[in-house]
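Student: Let us work through this entry by question and answer. Please begin with the conventions that apply.

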Amino acid sequence: MQETLEQIVLFLKNIIVNDNIIISILMGLIIVIVESILPILPLAVFIAINTLVMGNALGFVVSWIGTVIGCAISFWLFRKGLSKRLYKNLNSTKYSDLMKKMSSVKFSLLVIVTALPFTPAFTINIAAGLSKMSFKKFILAMLIAKISIIFFWGYIGTTLIESISDYKVLIKIVILLLGAYIVSYFVNKKYNLD
């Protein structure tokens, strides 16, 4: 597996050196956007590849922008494509109650849950798209929360077990989550999202 990953990284680095960095950035964006829409793909691997190929700063920015765009597309697919059909066909009180809860979830809670590394983001995208949650609230939460996710997967990359057992990494993750909460508090105060 590691040899295959090294071959992919070497191939992509050659594209940057020999061809054009714009092509690499577009490829990095596209794979992260597609992963946000199709959850069967491994986001962690794509972020690690972007970080290895483009470096920490550019790989981070490309992965962050890509995942936020992908989440927004996923949100709109469910909002425009499926929510009206589901609301018509489902008269279930459980479904209605769940969508009401999702619509009224506190902004800070949405940010923190999304910022956790092992939260299935696709589920949040679906639930937010099907609920009456405003796009503004959703996208601001994604912009804040995805910073910690991208940092986590870019930093840890392929050495997940070693990184989790290192207390310095755990402290950085806790600081990122705390930072995400603080930023979400002030954004919520400014835009009154709850």
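Tutor: Helices (H or I, at least four residues) and strands (E, at least two) are DSSP runs, numbered from the N terminus. This is a predicted model, in which local features need pLDDT of at least 70 and side-chain atom pairs count only at pLDDT 80 or more, while totals for chains, interfaces and linings use all residues. Residues are numbered from 1 along each chain as its sequence is written, and side-chain values use heavy atoms, with hydrogens and water left out.

Student: How many helices and how many strands are there in the chain?

Tutor: From the N terminus on, the elements run α-α-α-α-α-α-α-α-α-α. The chain therefore has 10 helices and 0 strands.

Student: Is Asn-192 buried or exposed?

Tutor: Asn-192 lies in the segment after helix 10, and its phi is near 50 degrees, a positive value in a residue other than glycine. Most residues other than glycine have a negative phi. Buried means under 20% relative accessible area, exposed over 50% and partly exposed in between, with a 1.4 Å probe and protein chains only. Because its relative accessible area is 61%, Asn-192 is exposed.

Student: Which residues of helix 5 are buried?

Tutor: Helix 5 covers residues 93-103, and on its other side Thr-93, Lys-94, Lys-100 and Lys-101 are exposed. Seen down the axis, the buried residues fall within an arc of 60 degrees, so they line one face of helix 5; the arc is that of the directions from the helix axis to the C-beta atoms. An α-helix has 3.6 residues a turn, so residues three or four places apart point the same way. The buried residues are Tyr-95, Met-99 and Met-102.

Student: How do the directions of helix 7 and helix 8 relate, roughly parallel or roughly antiparallel?

Tutor: Their axes are 12 Å apart and pack at an angle of about 165 degrees; axes are lines fitted to C-alpha atoms, for helices over the stretch in contact, and angles run from 0 to 180 degrees between N-to-C directions. The contact (heavy atoms within 4.5 Å) involves, among others, Ile-124 of helix 7 and Phe-138 of helix 8. Angles under 35 degrees count as roughly parallel, over 145 as roughly antiparallel, 65 to 115 as roughly perpendicular and the rest as oblique. Helix 7 and helix 8 are therefore roughly antiparallel.

Student: What is the relative accessible area of Leu-41?

Tutor: Leu-41 is in the loop between helix 2 (21-37) and helix 3 (43-54). Not counting residues up to four places away in sequence, Leu-41 touches Val-34, Glu-35 and Phe-46. Leu-41 is partly exposed, because its relative accessible area is 28%.

Student: Is Leu-43 buried or exposed?

Tutor: Leu-43 is found in helix 3 and touches Val-32, Glu-35 and Ile-149, not counting residues up to four places away in sequence. Its relative accessible area is 14%, so Leu-43 is buried.
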